[in-house]
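Trainee: I have a model open and would like to learn how to read it. Please take me through it one feature at a time.

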Amino acid sequence: EKRKAHEQEIEASESKLPQFMQEAMETLHRITEIDMEDLESMYSDFVDQIKEELHDIHVLLMENKYEDVKRSAHKLKGSTGNLQLHSLHEQAVRL
């Protein structure tokens with residue numbers, strides 16, 4: 001069991017995700033025992049999704065659509081909190 005956990009930690013360190021996301025992924029793994037490979041897929045999907053969402057928020061801000069910005073920020077707040085991405089979560093709360 002310890003060997004498997006160690007192998008998963010090595011795999012996470014070889015990930016292309018930023019360090020803070022790898023740490024969040026490891027925390028979520030300890031809490032939920034979700035397989036690290038599945039978590040990495042979730043986090044990678046999140047990275048792709050957040051790029052698009054941040055672009056959309058930027059456009060909404062330029063168009064003064066503040067209620068839509070608020071809805072998008074709320075959605076980000078939930079996603080970042082669920083994924084243990086605390087620094088991003090705090091930024092979403094501020095939005």
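Mentor: Start with the term helix. Helices (H or I, at least four residues) and strands (E, at least two) are DSSP runs, numbered from the N terminus. One caution: this is a predicted model, where local features need pLDDT of at least 70, side-chain atom pairs count only at pLDDT 80 or more, and totals for chains, interfaces and linings use all residues. Residues are numbered from 1 along each chain as its sequence is written, and side-chain values use heavy atoms, with hydrogens and water left out.

Trainee: How many helices and strands does the chain have?

Mentor: There are 5 helices and 0 strands. From the N terminus on, the order reads α-α-α-α-α.

Trainee: What does a positive phi tell me?

Mentor: Most residues other than glycine have a negative phi. Asn64 is not a glycine, yet its phi is positive, about 60°. Asn64 sits in the loop between helix 3 and helix 4 (66–82). Glu33 also is not a glycine and has a positive phi of about 60°. Glu33 is in the loop between helix 2 and helix 3.

Trainee: Is Asn64 buried or exposed?

Mentor: Learn the cut-offs. Buried means under 20% relative accessible area, exposed over 50%, and partly exposed in between (1.4 Å probe, protein chains only). Asn64 has 51% relative accessibility, so Asn64 counts as exposed. Glu33, at 67%, counts as exposed too. Across the chain, buried residues make up 28% of the 95 residues.

Trainee: Which residues does Glu53 touch?

Mentor: Contact means heavy atoms within 4.5 Å. Leave out residues up to four places away in sequence, and Glu53 touches Lys75 and Leu76. Glu53 lies in helix 3. Its relative accessibility is 12%, so Glu53 counts as buried.

Trainee: At what angle do helix 4 and helix 5 cross?

Mentor: Roughly 160°, with the axes of helix 4 and helix 5 (residues 86–94) coming within 8 Å. The two helices are therefore roughly antiparallel to each other. Ala73, Leu76, Lys77, Thr80 and Gly81 of helix 4 meet Leu88, His89, Ala92 and Val93 of helix 5. By class, that contact has 5 nonpolar, 3 polar and 1 charged residues.

Trainee: What does the UniProt annotation say about His74?

Mentor: The unreviewed UniProt entry annotates His74 as "modified residue: Phosphohistidine". Positions are given in the numbering used here, feature names are shortened, and annotations may be inferred rather than shown by experiment. In the model, His74 is in helix 4. His74 is exposed, with a relative accessible area of 53%.

Note on methods: Axes are lines fitted to C-alpha atoms, for helices over the stretch in contact, and angles run from 0 to 180 degrees between N-to-C directions. Angles under 35 degrees count as roughly parallel, over 145 as roughly antiparallel, 65 to 115 as roughly perpendicular and the rest as oblique. Ala, Val, Leu, Ile, Met, Phe, Trp, Tyr, Cys and Pro count as nonpolar, Asp, Glu, Lys and Arg as charged, and the others, Gly among them, as polar.
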